[in-house]
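Trainee: Could we go through this one together?
Mentor: Gladly, ask whatever comes to mind.

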Amino acid sequence: MDFCLKPIGVIRSPYRNVAECPFQGRFSREDFIIELYPEYEEGLKDIDTCSHLIILYWLHKADREKLIALPPFDRKEHGVFATRSPHRPNPIGFSVVELLKVDGRRLFVRGLDALDGTPVVDIKPYSSKIDCVENARIGWFEGVKMDEI
């Protein structure tokens with residue numbers, strides 16, 4: 001089964017290459033602009049009532065052939081589906097961002113790890129009541145000290 005994703009916009013980022021990006025968007029202190037294409041502007045109705053958003057984006061520079069990853073937090077190999085490696089068969093990026101401001105089709109956000117020009121696949125509101133799963137864990141990640149990242 002084949003299907004086609006259409007980008008709904010593009011990310012304007014201060015990061016020009018992979019080496020500049022943090023390991024996770026949550027560690028970024030930079031501001032970003034998400035520019036939606038004109039035909040999707042109507043979909044932004046009431047988005048200004050959201051404090052945080054889930055941004056799904058296409059990691060267009062990723063290696064789609066990789067199935068094993070070496071995470072920066074653990075120098076052991078893991079399957080890509082047990083990691084957040086950008087290199088995977090379908091390189092979909094996922095970040096929860098803070099919505100700072102809305103200006104027409106432009107969303108000003110903080111908390112991404114995307115390169116400038118990254119295509120946006122979808123935007124959804126984030127809710128701590130719906131999306132937060134207490135005590136969720138990644139077994140191999142248990143020994144990582146967050147202050148060492």
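Trainee: Is Asn135 buried or exposed?
Mentor: Asn135 is exposed, with a relative accessible area of 74%, where exposed stands for over 50%, buried for under 20% and partly exposed for the range in between, computed with a 1.4 Å probe on protein chains only. Please keep in mind that this is a predicted model, in which local features need pLDDT of at least 70, side-chain atom pairs count only at pLDDT 80 or more, and totals for chains, interfaces and linings use all residues. Residues are numbered from 1 along each chain as its sequence is written, and side-chain values use heavy atoms, with hydrogens and water left out.

Trainee: Where is Asn135, and what is its phi near?
Mentor: Asn135 sits in the segment after α1 (128–131), and its phi is near 65 degrees, a positive value in a residue other than glycine. Helices (H or I, at least four residues) and strands (E, at least two) are DSSP runs that are numbered from the N terminus.

Trainee: OK, and what about phi of Asp46?
Mentor: Phi of Asp46 is positive as well, near 75 degrees, and Asp46 is again a residue other than glycine. Asp46 belongs to the loop between β2 (31–36) and β3 (52–58), and with a relative accessible area of 45% Asp46 is partly exposed.

Trainee: Which side chain does Asp46 meet in a salt bridge?
Mentor: The side chain of Lys45 meets that of Asp46, at 3.3 Å from N to O, and a salt bridge here is a side-chain nitrogen of Lys or Arg within 4 Å of a carboxyl oxygen of Asp or Glu. Lys45 counts as exposed, at 63% relative accessibility.

Trainee: How many salt bridges does that rule give?
Mentor: The count comes to six salt bridges, and one of them joins the side chains of Arg16 and Asp116, at 3.4 Å from N to O. Arg16 lies in the loop between β1 (9–12) and β2, while Asp116 lies in the loop between β7 (106–110) and β8 (119–125), so this pair ties together parts that are 100 residues apart in sequence.

Trainee: And are those two buried or exposed?
Mentor: Arg16 counts as exposed at 56% relative accessibility, whereas Asp116 counts as partly exposed at 30%.

Trainee: Which residue does Arg106 pair with?
Mentor: Arg106 and Asp103 meet through their side chains in a salt bridge of 3.4 Å, N to O. Arg106 counts as partly exposed at 32% relative accessibility, and Asp103 is partly exposed too, with a relative accessible area of 39%.
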